[in-house]
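Hello,

Here is the structure I promised to pass on to you. Please have a look at it first, and then read my notes below.

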Amino acid sequence: MSNGNWLSNRFWAVIIAIGVAMGVVVGFAAFNVTFSQVADRMAGVVDFTKSQSLTYDSFNDASTTKSLLRSIESAGQLARDVSQDGGATDTESLQRYAGELSLTAALVLTPEGDLVGSYSSDEVGYAQVESELRETSALDVVRYPLKTYATRIELEDGSHVDVGCSNRLDAPGVIVSLYRTKPAFGNRYSLTLQSMVEGYSTQNNGCIVVENDGNYIAANTMTLAQLQSEGIGDFDKGVISAIKERCTLGKASVINAESTWFIASFDKARDYYVYTYTPLRNNLGGVALSVALALALYAVLVILVVLLRRRSEHAHLHELVAQEHEYSERLAEAAREAQSANTAKTEFLQRMSHDIRTPINGIRGMVEMGNAFDGDVAKQRECRQKIWIASGILLDLVSEVLDMSKLESGEVELELRSTNLVALNDEVCEMLERQAGELHVTIIKEQDRIEHPYVRASQIHLKRVIMNIASNAVKYNKPGGTVRLSCEELHAEGATAMYRITVADTGIGMSKEFQQHLFEPFSREVQKLEAQPSGTGLGTVIAKQLTELMGGAIAFDSELDVGTTCVITLPLVIDFDAQQRNEELDKQGDVTLAGMSILLVEDNELNREIAEFVLDQAGAHVTTAFDGREAVDAFAAAAPGAFDLVLMDIMMPNMNGYEATRAIRAMNRTDAKRVPIVAMSANAFADDVAYSRESGMNDHLAKPIDADKLVRALARYRKDA
């Protein structure tokens, strides 16, 4: 068998399988529709029968009540007649009274229920009602003259007697009136229900049978005469019995009874059960027709597909060729993008190698120069100043690379703290003053239009955004140029205000072509200008992503050789309570750590020496530990309250800062729970700060340490602060 024949056979096998499946699905769907229609018709019949039976019951109840009221009135009238005739209770008098009131019988009883006198126009008398009267409260009318009693008693012949009782007026006793209704009149309800059911044809509505206390009282399969003489046949009884066993009340079902499949249901209206059922085969004609039509349409469709199949082969081959060509183009484009990305990363690493080595070279060179001018104090100060500047450049490079890594991994978390926008912008300008002075660039601040300077913001990230933009404005400026940093509050609504920060420079600007790639990582425009500074190409990318993370927006407007203007808009929550808090801090003036005993935990010898120097200069008494284990031992060995504060590094051997903090907090001594523990770590991201607090630390300070900030931060924990 050839490959083409095998494919053709498989094609036809699939076509046949689909046709069979479609026939099954269509048949099932058509059967469900037919079943729903039959069920709806049955439900309509049952609901109407129920409503009619309830109507008839209500009518009969009203008729019964009316008849019983008449019996009570007749008994009362009998009592008055007997009293007016001087207590006549003989048969002749009672006959006359009963005839006037159209009663079947009249009885006079003693208070105990014994017969005094009676009259009856037929066989109904005291014998038929005696047990009912003695066993109920009928005789209570003697003790309670205002009380009456009435009831209906069903007799064995199908008739019923309405009984009314009243207190005898002329002497103690009970007057009883009886009114009998014969069976011919009592069957009016069954006659009416049968006539209603006979109005439904078995062909359209199926068989309908009404049952009352095990008696079949109406059916549309026969006349009333047949029903009364012959009753429901054994076949129908078998079906009804199956319906009782297998159907749910009020829900149509498919059942098998008497070797026949039926759609059947039943429901109840007070004391009456209504059964409906129709043979399943009588309702399958529509299902067969639906399946035949569906298969015919499917056959036509298959024929059309087969006829069009060869015609489409050429187009399909053409499409395959086009897809292959498109796929090749996409592969080539992906290769070009991968090559471009590799090139960008290679260039970035080359620039980073250059940019990192440059400040390191400056630091090492200044150290050698300082050693050469050991006795020249001015030269030593100049060398230290240049070392400080070079280390700041190196710190910026490392921070940008780490920030970009965090942003790309989605691990940046904003830690909202009270922030003074004016002070933050002042700090940015102060940090840029040295660089601006060397490049002969003037920095101008405008912050007069800020009504609410204190906000809740992620201070480190907001400062990073402004610093990245402003440092570029200084770095890529011209000698004698200016950088204008302005911050203004646009509007406030409730607890949120919209702020606009603008950085405008008179620098070298950017070309229109480069502006299209401004926010791409590692992008830098190559301009052959004298003494052009270098950068990572990440500053604007980080600024944009951080701004958007804070819910703001950033936009640039630049012209080559004219300058660049950057506009940052940010919605920030106003900190209304911060003004008072910061005024109280300002009143403190210069801070000191005099009198504080501090446990300094730092494994790096150089960092430990620097921190110890800063703390000593601030007046603190310092005890050092080289790792977390030594810190825990030192705290445990000291007397309770010996240490006012623990300054804890995080990354240490033997036991890190988190573990050491938890160990101290777990000690069974009062000062272990309340001694302030402040983290001092190069891990400066928001999740690091959060983890420090979870470990039991009170605060988190990021390296490299600013001496003034360190002292002010620790001074808050002085006992007399």
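A word on terms before the details: I call a residue buried under 20% relative accessible area, exposed over 50% and partly exposed in between, using a 1.4 Å probe and protein chains only. The model is predicted, so to speak of local features I need pLDDT of at least 70, and side-chain atom pairs count only at pLDDT 80 or more, while totals for chains, interfaces and linings use all residues. Residues are numbered from 1 along each chain as its sequence is written, and side-chain values use heavy atoms, with hydrogens and water left out.

Let me start with the rings. Rings of Phe, Tyr and Trp (its six-membered ring) pair if their centres lie within 6.5 Å; planes under 30 degrees apart are stacked, over 60 edge-to-face and the rest tilted. That rule gives eight aromatic pairs. In one of them, Tyr273 and Tyr275 are stacked, at 6.4 Å centre to centre with 25° between the planes. Tyr275 is buried at 1% relative accessible area, whereas Tyr273 is partly exposed at 29%. Ring pairs also join Phe235, Phe262 and Tyr277 into a cluster.

Another ring has a charge over its face, meaning that NZ of Lys or CZ of Arg is within 6 Å of the ring centre and within 35 degrees of the ring normal. Here Arg70 lies over Tyr179, 4.4 Å from the ring centre.

Next, the salt bridges, each a side-chain nitrogen of Lys or Arg within 4 Å of a carboxyl oxygen of Asp or Glu. The count comes to 23. Helices (H or I, at least four residues) and strands (E, at least two) are DSSP runs, numbered from the N terminus.

- Glu211 and Lys244 meet at 3.4 Å, N to O. This pair links distant parts of the chain, 33 residues apart, with Glu211 in strand β6 and Lys244 in helix α8. Glu211 is buried at 6%, while Lys244 is partly exposed at 41%.
- Glu488 and Arg500 meet at 2.7 Å, N to O. Glu488 lies in strand β14 and Arg500 in strand β15, so the bridge ties together parts 12 residues apart in sequence. Glu488 is buried at 12%, and Arg500 is partly exposed at 30%.
- Lys379 and Glu382 meet at 3.6 Å, N to O. They are three residues apart in helix α10, which separates them by about one helical turn.

There is also a network of salt bridges linking Arg417, Arg693, Asp699 and Arg716.

Helix α17 (residues 628-637) has Gly628, Ala631, Val632 and Phe635 buried. These cover an arc of only 100° around the axis (taken from the directions from the helix axis to the C-beta atoms), so they sit on the same side of α17. Among the elements covering them, by contact of heavy atoms within 4.5 Å, are β18, β19, β20, α18 and α19. At the start of α17, a side-chain oxygen of Asp627 comes to within 3.1 Å of the backbone nitrogen of Arg629.

Finally, which backbone angle is worth a look at Ser102? Ser102 has a positive phi of about 55° although it is not a glycine. Ser102 lies in the loop between α2 and β1 and is partly exposed at 49%. Glu258, also not a glycine, has a positive phi of about 55°, and lies in the loop between β8 and β9. Most residues other than glycine have a negative phi.

Best wishes

Technical notes. Polar contact = N/O pair within 3.5 Å; in protein donor to acceptor, adjacent residues only side chain to side chain.
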